[in-house]
Amino acid sequence: MRLKGKVHKYGANVDTDVIIPARYLNISDLDELTKHCMEDIDGEFVSRVRLGDFIVATTNFGCGSSREQAPLVIKHSGIACVIASSFARIFFRNAINIGLPVLESTEAAEATEAEDELEVDLVTGEINNKTKAKNFYAKPFPKLMLEITAKGGLIEYAEERLKARGT
Amino acid sequence: MTLAEKILAVHSGRRKVSPGEFLNVKVDLVLSNDIMTPLIVKEIQRLGVSKVFEPKNVVIVPDHFCPNKDIASAEQAKLTRQFAKEQGAVYFEVGRMGIEHVLLPEQGLVLPGQVIVGADSHTCTYGALGAFATGMGSTDIAVAMATGEIWMKVPQTMKFVYQGKLPKWVGGKDLILYTIGDIGVDGALYSVMEFAGEAIAELDMDGRFTMANMAVEAGAKAGMFGVDDKTREYLTEHSKESYSAYQADGDAEYADIIEYDVSKMEPQVAFPSLPSNVRSVSQAGSVRLDQVVIGACTNGRLGDLRVAARLLRGKEVHPETRCIIIPGSQRVYLEALREGLIETFVEAGAVVSTPTCGPCCGGHMGVLAAGERCLSTTNRNFVGRMGSPKSEVYLASPAVAAASAVVGRIASPEEVTK
C-alpha cells in the first residue's frame, strides 16, 4: 500500500502528555478527544492536518504514559503513518495493536522537514521524500508484528489464538 | 540469565531465553484503573470473550480521576465498577483504595518472580519486589485479561551499580533522577534496568519502589531489584503467599554495566520539561514556587510522609506557596494519622487529600494555571503535565519538596534544618 501526504514535523521526546493531555482522558468520544490531538505542542495541528498526512519526529516518539488514546487520536486525526528515529516501547506496541503504521528511520526523520511531500510504501518500508528528491528505507518489522498487522491488529490475532486453544 | 530473563523463561515454558526473542508469556496479575478500563471493556467485547481468564488475578483500582472529579469521570468510574463487579475481579472502592502502585504491594498482591502487566506505564513499580512488571496499552491489557498471556520481546538488561554510602537527605528519588539525568529519557529504551550495589542494599523498600517506578522515564520496560532481607521483611508484613525469588546468574550477560559513587551525591531536582533535565539542589538557583505536591505512586508511601513531616514539624508553609500532600493509600493515610504526621501537615498549613493520582497528570486536586510553578514528588514534568501548557513542573524527593514548601522556592533540606 502506497501512502501519499504532507509532513507535520516534530523533534525529540514527543510525549503522550502533549499528544493527548491527561486532562482530557475523561472524554470517551473519540471525535471529541481528537480535537485535542497535539494540543500542547502544536495548537494548529488539528486545523492543519489532512487525511493521509504524516507525522515525522526524531527520537523517543510517544514517551511517557501507556495511554492508547495517544495513537488512537493520531490515527483518528487522519495521520496515515508516523515516521521517527525511534519510538518509546509502549507507544510502539499500542500503535501496532490499533493499526496505526509506524516506521523507524533516523535518516528519513532527520532529512525531512515540515510540509515536505512523502510517498511511503508500508510493505517495503520505502520512504520517498518527493520535495527533497530523496529515498530512505525504514527498519523492517519483526515477524510477529507482521503477523499481528496482517491479521488486522492484536484483537484479531488473539481471537485466532483463543480458537486454537479451543476456549 | 539476568533476573528478568529467568522470570520470562519460567513464564513461557523455556529453559533459556535471550534478548530479542519473541515469547508468549503467562501473566500472574493484570491491572487496570478508572481511565483505561472503559477502553479495555470495549476491546474485550470485540474479542467475544465474556469472562476474564482468572478473576482473582485481575485487579481494578479507581484512582486517577476518583473520587469522581466531574460527570464524565463519574461515568467512566461507573463503567469500571460495573465491569469489576460483573467479572468478580479484585476491586478497591473509594474509601478502601489507594494509588494503584502504592496499593497493590501493600495489599500483598505483588510477589517476587511474578509477571505483572498493567494499563498504566508506572506498573514497573513492582520490580522493587523482584517481579517482572510493565505497563501496556488498553488493547494489550484486554488481551492479557481475556487470555492470561501476552506477547513480549525479551528485553536486554542494563545493570546500574550504586557504590558508597548514601548521604543524609539523599534517597531513591535522587538516585533515579541522577541516573535518568545521566543516561537520558531514552537511555534504557526497550531495556530492563537492574539496580544493585552497596547503596541499594541499604535503601529501604519505599526508596526501591520510587526507583523502579521511574524506570519508564528512562524508556525502560522494567526496573528490577533482587530479593534480599529487606524484601523478605516487607513480604512477611504484607503477604501470606509463598513465592519464588530469582537472582541473576553470576555469568548473566548485560548490555551495559554503569557504576555510580553516591557518597558525595546531593539531592537532585529535574527542571522543566523532561525528567532527564537534572541538577543538584545546590545548583537550582532561586526558583520561586506557587505549589508543592508530595505524594503519587512515586513518593506517596509512609516513609515519604515521615521525611516530609520531619521537615515540616513546627514550621509553616510559605505564605505564597500552596502545599498539597496526598497519602498513597488509605492504609498510609491511617498510619500517618496515628503517627501524628497528618496533624503536623495541617498545622504547617498544608492541605491533605484522600489518595488519588489527581494533580500528577493535571486531573484534579492541584491543577496549575499559566505561568505557575510547581515542585512535585511525582514522576513526570512534561509540558502541560500538571495543568496549563504554560506552567512548569520540577521533580524532587519528599525532603526537597517539604523544605521548598517552607522556603517558598526550591531549597535543600539543609536550609530548614540549620
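In the predicted model, B:Thr157 lies opposite B:Val192, a residue of strand β9(B). The strand that partners β9(B) is β8 of chain B, residues 157-163, and the two run parallel, joined by five bridges. Strand β9 covers residues 192-196 of chain B; four of these five residues are buried, so the strand is largely enclosed by the rest of the structure.

Chain B as a whole contains 15 helices and 18 strands. Its radius of gyration is 20 Å, close to the 22 Å given by the globule rule for 418 residues, so chain B is as compact as a globular protein of that length. The C-alpha trace of chain B extends over about 55 × 50 × 40 Å along its principal axes. Of the 418 residues in chain B, 62% are buried. Contacts in chain B between residues at least 6 apart in sequence were also examined, and 77% of them join residues at least 24 apart.

Two domains are assigned in chain B, domain 1 spanning residues 3-260 and domain 2 spanning residues 268-417. Their C-alpha centres are 24 Å apart. In the contact between them, domain 1 of chain B contributes 35 residues and domain 2 of chain B contributes 34 residues. On the domain 1 side, at least two residues each are supplied by α4 (100-106), α6 (172-183) and α8 (205-213) of chain B. The largest share of that side comes from α6(B), with six residues. By class, the domain 1 side that touches domain 2 of chain B comprises 14 nonpolar, 11 polar and 10 charged residues.

Chain B also meets chain A, with 42 residues of chain B in contact with 36 residues of chain A. On the chain B side, the elements giving two or more residues are α2 (37-47), α3 (71-87) and α5 (138-147). Helix α5(B) gives the most to this side, namely six residues. The side of chain B that touches chain A is made up of 20 nonpolar, 13 polar and nine charged residues.

In chain A, seven strands form an open sheet of mixed pairing, in the order β4-β3-β2-β1-β5-β6-β7. In general, the strands of a sheet pair through backbone hydrogen bonds, in either the parallel or the antiparallel sense.

Helix α5 of chain A, residues 89-98, is mostly covered, with 10 of its 10 residues buried. The buried residues of α5(A) include the charged-side-chain positions A:Arg89 and A:Arg93, as well as A:Phe91, A:Phe92 and A:Ile96. A:Asn94 and A:Asn97 are likewise among the buried residues of this helix. Just after α5(A), A:Gly99 adopts a positive phi of about 80°.

How values were computed. Residues are numbered from 1 along each chain as its sequence is written. Chains are lettered from A and ligands numbered from 1 in the order in which they are written. This is a predicted model: local features need pLDDT of at least 70, side-chain atom pairs count only at pLDDT 80 or more; totals for chains, interfaces and linings use all residues. Two residues are in contact if their C-beta atoms, placed from the backbone, lie within 7 Å. Helices (H or I, at least four residues) and strands (E, at least two) are DSSP runs, numbered from the N terminus. A residue is buried if 20 or more other C-beta atoms lie within 10 Å of its own, exposed if 12 or fewer, and partly exposed in between; C-beta atoms are placed from the backbone. Domain bounds come from an automatic or database domain assignment. Two strands pair if DSSP finds at least two bridges between them. The radius of gyration is taken over C-alpha atoms; the globule rule is 2.2 Å times the number of residues to the power 0.38.
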